[in-house]
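Visitor: Let us go through some labels and the cut-offs behind them. Please show me the model.

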Amino acid sequence: MVIILKNDPNENQLNNLLCLLEKKGISVQKTVGVSKTILGLVGDTGAIDIDALRALDIVEDVKRIQEPFRLANRKLHPDDTIIKVGNAAIGDGSLTLIAGPCAIESEEQICMIAKSVKASGAALLRGGAFKPRTSPYSFQGLQEEGIRLLIKAREVSGLPIVTEITDAEQLPLFEDVDIIQVGARNMQNYELLKRLGKIDKPILLKRGLSATYDELIMSAEYIMSGGNGKVILCERGIRTFESYTRNTLDIAAIPVLKKRTHLPVIADPSHATGKADLVAPVSAAAAAAGADGLIIEVHNDPPRALSDGAQSIRCEEFEELSRQLKTLVKCIR
Ligand code: PEP
Ligand code: MN
């Protein structure tokens, strides 16, 4: 980190600043130029509040040279993180398919879809029990009962399960869940992230609707700094001016996040597009861009789905897509 001082800084204020930095264990290299004095900070500057420094009378500007995330940073941890759940591995160079309905609706529905997607090559089963819906009048999910049914579907299919938490109070219900999803709307729910940092379970962290790469990575850093390093990042589309698709899949997010972090990165073509017919081409694009996996909404009867029917592909369509992706991956990896 570098602090650029204003011309002729007040000596007292400068000494106070140097004392403060020293107390934080930071050593300072002072360079006096013709018109400017620059302080180069050496040490762990991660906990320094840049805005507080900028607010000082003698400071003109502060620049970070190192990225503000340490635990997720590829530069400090060059090896890929591989997350293993049951027989599935995310981040090992393969393309892991996570498939299932947006919401768990009944035992029959979730068990039927689970068996079908397993037979088609999915490695994990998704299904929402707590649904963060835009309208309070829409189906909110089967909640506790939904998790019970999802566990049942794991028993009949053998697939590990992924489901979304919307509040830390729900944590006791997630004890037997394999991967906990944090949805786009909760990406910056820092109290929730801190609680998830204290548990020993993989977290699937979805990018917020208008979150930058740095904001997503810093949210992962919240979980990791609590002690839980098992974080999977998910690009699920962001808000743009385009309204034809539900969101816009930011394809560059995949290589960027893989370059800057060592965490597995997956893509969600269902929420990114909002349209079932776009799921296959966008899945192929994400796989080609290097995604470690895809999370895809699959329903046995999309027109009757209680949520996200328009973007849900049928079981037969998933079977076909899975086959195509296998061929694609063979060609490009
Ligand atoms: C979901 O996966 O069903 C979901 C609500 O996703 P997102 O948080 O990305 O909107
Ligand atoms: Mn959904």
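Guide: At 18% relative accessibility, Asp-308 falls on the buried side; buried means under 20% relative accessible area, partly exposed in between, and exposed over 50% (1.4 Å probe, protein chains only). This is a predicted model, in which local features need pLDDT of at least 70, side-chain atom pairs count only at pLDDT 80 or more, and totals for chains, interfaces and linings use all residues. Residues are numbered from 1 along each chain as its sequence is written, chains are lettered from A and ligands numbered from 1 in the order in which they are written, and side-chain values use heavy atoms, without hydrogens and water.

Visitor: Why does Gln-143 count as partly exposed?

Guide: Its relative accessibility is 34%, so Gln-143 counts as partly exposed. Gln-143 also has a positive phi of about 55° although it is not a glycine.

Visitor: What makes an atom a donor of the manganese ion (ligand 2)?

Guide: Donors are N, O and S atoms within 2.8 Å of the metal (3.2 Å for Na, K and Ca); water is not among the atoms, so sites may look incomplete. Cys-102 (SG), His-271 (NE2), Glu-297 (OE) and Asp-308 (OD) lie 2.0 to 2.4 Å from the manganese ion (ligand 2), and are its protein donors. Both Cys-102 and His-271 are buried.

Visitor: Why are H9 and H10 called roughly parallel?

Guide: Helix H9 (residues 276-288) and helix H10 (residues 315-332) pack at an angle of about 25°. Angles under 35 degrees count as roughly parallel, over 145 as roughly antiparallel, 65 to 115 as roughly perpendicular and the rest as oblique. H9 and H10 are therefore roughly parallel.

Definitions and conventions
Axes fitted to C-alpha atoms, helices over the stretch in contact; angles between N-to-C directions. Helix = DSSP H or I, 4+ residues; strand = E, 2+ residues; numbered from the N terminus.
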